[in-house]
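Visitor: Could you walk me through this model?
Guide: Gladly; here it is.

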Amino acid sequence: MLTHRNNSHGLTWSMDNPQAQSITRHESDLTTYWNFHIKFIFLAVISAFLFALPAHAQNFSKIPEKGTVTMIDLGAKKCIPCKMMAPIIAKLEKAYSGKADIVFIDVWENRGQARRFKISAIPTQIFFNEKGEEVWRHVGFMDEKAIVDQMKKMGVGKPDFKNKG
């Protein structure tokens, strides 16, 4: 019995031909190969998206937290002055652990927060008292000493730089 099959190049092959059978088997193997890899790539992309969600979908509704002094640094990870402040914010976040909240929000990743806090330039630091009321705002780079001085004015004690957080 003669059966004919068109390959991907539009050529017709007879199934009686051993070469045609080899090509058919090869095409079948390639289909299985590509189906597997397409599924793998799809799962990898979906996984990457799901793991990236927490970075973009953080719950900022509880910031500022009532009952504690809070400083929010609104900036972006790719902004030069913001990059310069990043180690300062990380250091003070640990040093004030248990005394005050120090929070960084990337407004390029969380644009709604820029609108919420009425940000017109970055970096911007906003200080809130224990009642959650804005007390002071600064636009631009803010050094460690200036942040510590503002926290002292708000009644927060000295930072504990030995605190490992």
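Visitor: Which residues are buried in H2?
Guide: In H2, the buried residues are Cys82, Met85, Ile88, Ile89, Leu92 and Ala95, where buried means under 20% relative accessible area with a 1.4 Å probe and protein chains only. This is a predicted model, in which local features need pLDDT of at least 70, side-chain atom pairs count only at pLDDT 80 or more, and totals for chains, interfaces and linings use all residues. Residues are numbered from 1 along each chain as its sequence is written, and side-chain values use heavy atoms, with hydrogens and water left out.

Visitor: And what covers them?
Guide: The cover includes strands E3 (69-75), E4 (100-106) and E5, together with helix H4 (144-153); helices (H or I, at least four residues) and strands (E, at least two) are DSSP runs, numbered from the N terminus.

Visitor: Switching to the sheet, what's the strand order?
Guide: The order is E4-E3-E5-E6, in an open sheet of four strands with mixed pairing, two strands being paired if DSSP finds at least two bridges between them. E4 and strand E6 (134-139) stand at the edges with a single partner strand each, so one side of each has no neighbour in the sheet.

Visitor: In what sense do E5 and E6 pair?
Guide: They pair in the antiparallel sense, over five bridges, and Ile126 stands opposite Arg137 in E6.

Visitor: What about Phe127, buried or exposed?
Guide: Phe127, which lies in strand E5 (residues 124-128), counts as buried because its relative accessibility is 0%. Leaving aside neighbours within four places in sequence, its contacts (heavy atoms within 4.5 Å) include Thr70, Trp136 and Met154.

How values were computed: Buried means under 20% relative accessible area, exposed over 50%, partly exposed in between (1.4 Å probe, protein chains only).
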